[in-house]
Amino acid sequence: MPFGTVTLNDGNEFPTIAFGTGSTMKFKDVSDYVGQAIENGFSHIDTAQFYQTETYVGLAIKESGLPRSSLYITTKYSGPGKSQQAIHQSLNKIGISYVDLYLVHFPALFSESVWQELEKMKKDGLTRSIGVSNFTLEDLQKLLKTAVTKPAVNQIRFHPYNYASHKALLEYCSKRNIIVEAYGSLNSITQNPGGPVDAVVNAAAKRIGATPNQVIFSWVRSKGVSIVTTTRSKERLQEYLAVEDLPPLTAEEIAAIDDAGAKGPPSQLVVARLAMQHRFEKSSSLVMWLAIAIVLGFATFFML
């Protein structure tokens, strides 16, 4: 069964899993991989000005033969230059008359005037929804002070090892009906294997007959967060889409992943262990010298 949609704060429907063309696909011809994703059931394609993949996304869309209405296209204003020029360039490269979602890629690009330009793009029909990417809670608070139209989506790096630091952001977005979309969710598997998250994820995977990747995506969804992911493998695409058909994680499994993630990735654990070892060795050395001093003191006393 395919992933469903959620309704954005502007009333538009948003597919909750997207095929991304960033990460290791940046600056490459991704047309075959985008085409493969569409063939296997992905209707939401994510690109960006910065990725330099928009042209290839357009080729894949054209080759798919699907009507524009059956696909959901996200792209991003990555700068430099004016956002109004950037969206027209993106539309020309992709070969479409509008995008479904247009994001400000980085907080550094934000200004009141830039957001006003995105609001105008929405009004003019160049994009159906507008949003942001990589915005912190403070960045969103700044934006909402002057925005007429709230961002519909905030796309962020999100995984078990940074959940604790993003919890307040997720709560803030939820209260304001801003959808959080996660990239980099498989960090504990692809970037930081061997950490405390592995054991609890593997246990949950065994219980529900799933892969660790699928458990991570199930955990992401349990937080009310949508997913953008990427792969060159047809089997992986099918694996990711099959998450929709899996039994849900239990509250205990979700909490166990939360707690394991809060301990930090293995690199941080190694640093912590080394620091503890250093403190132990330092204190041990101090004890040793005190013992030597005491022995020498007694020896001197008896020699007098």
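**Exercise 1.** How many residues does helix H11 have, and what distance does it reach from its first C-alpha to its last?

*Solution.* The model is predicted, so local features need pLDDT of at least 70 and side-chain atom pairs count only at pLDDT 80 or more, while totals for chains, interfaces and linings use all residues. Residues are numbered from 1 along each chain as its sequence is written, and side-chain values use heavy atoms, with hydrogens and water left out. Helix H11, residues 251-262, has twelve residues and reaches 17 Å, close to the 16 Å expected at 1.5 Å a residue (the expected span is 1.5 Å times one less than the number of residues; helices are DSSP runs of H or I with at least four residues, numbered from the N terminus). After H11 comes glycine 264, with a positive phi near 95°.

**Exercise 2.** Find the buried residues of H11 and what they pack against.

*Solution.* Buried means under 20% relative accessible area, with a 1.4 Å probe and protein chains only. In H11 this holds for Glu253, Ile254, Ile257, Asp258, Ala260 and Gly261. The buried residues of H11 pack against helices H6 (163-175), H8 (197-208) and H9 (212-222).

Technical notes: Helices (H or I, at least four residues) and strands (E, at least two) are DSSP runs, numbered from the N terminus. Buried means under 20% relative accessible area, exposed over 50%, partly exposed in between (1.4 Å probe, protein chains only). Contact means heavy atoms within 4.5 Å.
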